[in-house]
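Colleague: I am new to this one and would like to learn how to read it. Could you walk me through a few features?

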Amino acid sequence: MTIDGVTTTADNADSVEHSPLELPGVPTVTVIGDGQLARMMQTAAIELGLSLRVLAGSRTASAAQVSGDVQLGDYTNVDDLLRVTKGSAAVTFDHEHVPTEHLQALIDAGLSVQPGPGALVNAQDKLVMRRRLAELGAPIPAFAAIDSVADAEAFFDEVKGAVCLKARRGGYDGHGVWFPEGKQELTALVEKLLEAGTPLMAEAKVALTHELSALVTRRPSGETKAWQIAESVQKDGICVEAVAPAPELDPQLAARAGQLAMLIADNLGVTGVLAVELFQFTNADGEQDIAVNELAMRPHNTGHWTQDGSVTSQFEQHLRAVLDYPLGTTEATAPVAVMANVLGAPEDPEMPMQERVQHVLRRFPQAKIHLYGKEHRAGRKIGHVNLRGQDSAQTRHEAHLAAQFLVQAQWEDGYAPSVD
C-alpha cells in the first residue's frame, strides 16, 4: 500500500526496483537510516546526479522530509532490507546498528554493501573494536571484557580505580558510558547492568587534555584521502563544537593521528567515511600522546565543518567512495573552519526558528546554518552552524554566538542591533 505517497512494507519488491522516481542510467544509493546524516547526503547526491533512496521509520523523519524516494520499513527486519535495497548500486548507512547477519544477507543477494559487515562490526561492538585495534598495534587505553562483578573488581585494581565502564553496543552522545567513583559503585553498577542484559567492557581513564577527530575516506579499490585533524569539544558527552585544524596541535602529533586513521581504514577494510575519535592526553613521561577512543564508519558530527570548510564535504566524499568513484580533494577553503552544534534548550523559546535564523544571518552573513527538520527536545541535536575565518579564537566565538542564538533566541554577549 501507499501512505502519503510513500511505499510501505506491504508493497511487493518490484515497486522499489521500478520506482518512477528513478531515471535510466542513474545509480541509486540506498541509505539505511533516516537521520540528519542521511538528510545531508541528499544534497550531495543531487549535485552528483545520483538517486538517493532512504529506508525510514516514518515519513516525518529528518531525511524523509527531503528525499523523493522514501521507503518505510524496519532496519532490523531482513525482509524490509532486501525489499528496499533491491536494484541499488550501493547500500550504505547513517548509523551502525543494522544486524551483521542482515548485511551478509544483502551481500548474498548480490548487493554492494559499503562498508561491509566485517568492517562495520568494529563500530558496532566496542570490545571487538578494542581487540582488533590491539592486534594492529594501535594506541588504545588498557581494556577488559566485563562479564562478571569479579572481572570489574580485578580491572579496578589493575588501573588503580581509573575506570570507564561502557556498554559494548548502542551507546552514543554520552549514553552507555559510566565513570564510577569507587569500587563499591562500580560493582553495584556492573551487577545491575549485567542483570539487565547489557554486554559490558571497561577501559582505563586517561589524563585527557583534548579530544581529536581524524576523518578519512576509503573506496573499495583502495584510494584513501584524509582531512586535516579537528578538535572536538564535548559537553555532557555530546559534541558541541569541532574546530579544524585543531588549535595548537603539534604537527608531529597531527601527522601521527592522520597516519593512524589511514592504517585503521586500510586494515579494517573500511569503505566510505571513517571517523577516528582520539584522546589527546598526557602520558607517564609528561608528553602529549594520542589513543583511539571510538570509530564511526559513516559521516560524523565532527566532520560537519567539511560542508563549508573543505573543497569536498564528507557527505559528497562518502557517496563517491561507496560507488567507488574517484575521491575529491580535501583541501581546506579557509585557514579555520568551525562547526557549532545547535542543541535544544531546556525550554523552546517563543521566537520561531526561522526568525532566529534571520537574526543570525543578519549579524553573521558569512554563517552557514544547517537545520535538521527536527522538533525541539531538550539537549537534542537540531542543527549546526558552520563558520570560516582567519583566526581560530574569533571564528569559534562567532560560531558559538550564532549557535546559541538559535538555541536561546537571545545574544549571549548582549548584542543589540542598531535600529535605523
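Modeller: Gladly! Let us begin with a helix pair: Met-353, Arg-356, Val-357, His-359, Val-360 and Arg-363 in H12 meet Leu-401, Ala-402, Phe-405, Leu-406 and Val-407 in H13. Contact here means heavy atoms within 4.5 Å, and helices (H or I, at least four residues) and strands (E, at least two) are DSSP runs numbered from the N terminus. This is a predicted model in which local features need pLDDT of at least 70, side-chain atom pairs count only at pLDDT 80 or more, and totals for chains, interfaces and linings use all residues. Residues are numbered from 1 along each chain as its sequence is written, and side-chain values use heavy atoms, with hydrogens and water left out.

Colleague: At what angle do the axes of H12 and H13 cross?

Modeller: Axes are lines fitted to C-alpha atoms, for helices over the stretch in contact, and angles run from 0 to 180 degrees between N-to-C directions. The axes of H12 (residues 353-363) and H13 (residues 392-408) cross at roughly 160° and come within 9 Å. H12 and H13 are therefore roughly antiparallel to each other; angles under 35 degrees count as roughly parallel, over 145 as roughly antiparallel, 65 to 115 as roughly perpendicular and the rest as oblique.

Colleague: What about H6 and H9?

Modeller: The axes of H6 (residues 126-136) and H9 (residues 251-268) cross at roughly 105° and come within 11 Å. That makes H6 roughly perpendicular to H9.

Colleague: In what order do the strands of the open sheet lie?

Modeller: Two strands pair if DSSP finds at least two bridges between them. Four strands form the open sheet, in the order S7-S10-S8-S9, with antiparallel pairing. S7 (143-146) and S9 (177-178) are the edge strands, each pairing on one side only. Helix H7 (residues 149-158) packs on the sheet, touching S7, S8 and S10. Helix H8 (residues 183-195) also packs on the sheet, where it touches S7, S8, S9 and S10.

Colleague: Which residue forms a salt bridge with Asp-157?

Modeller: Side chains of opposite charge can pair when their charged atoms come close. A salt bridge is a side-chain nitrogen of Lys or Arg within 4 Å of a carboxyl oxygen of Asp or Glu. Lys-183 is the partner of Asp-157, with the closest N and O atoms 2.8 Å apart. The pair links Lys-183 in H8 to Asp-157 in H7, 26 residues apart.
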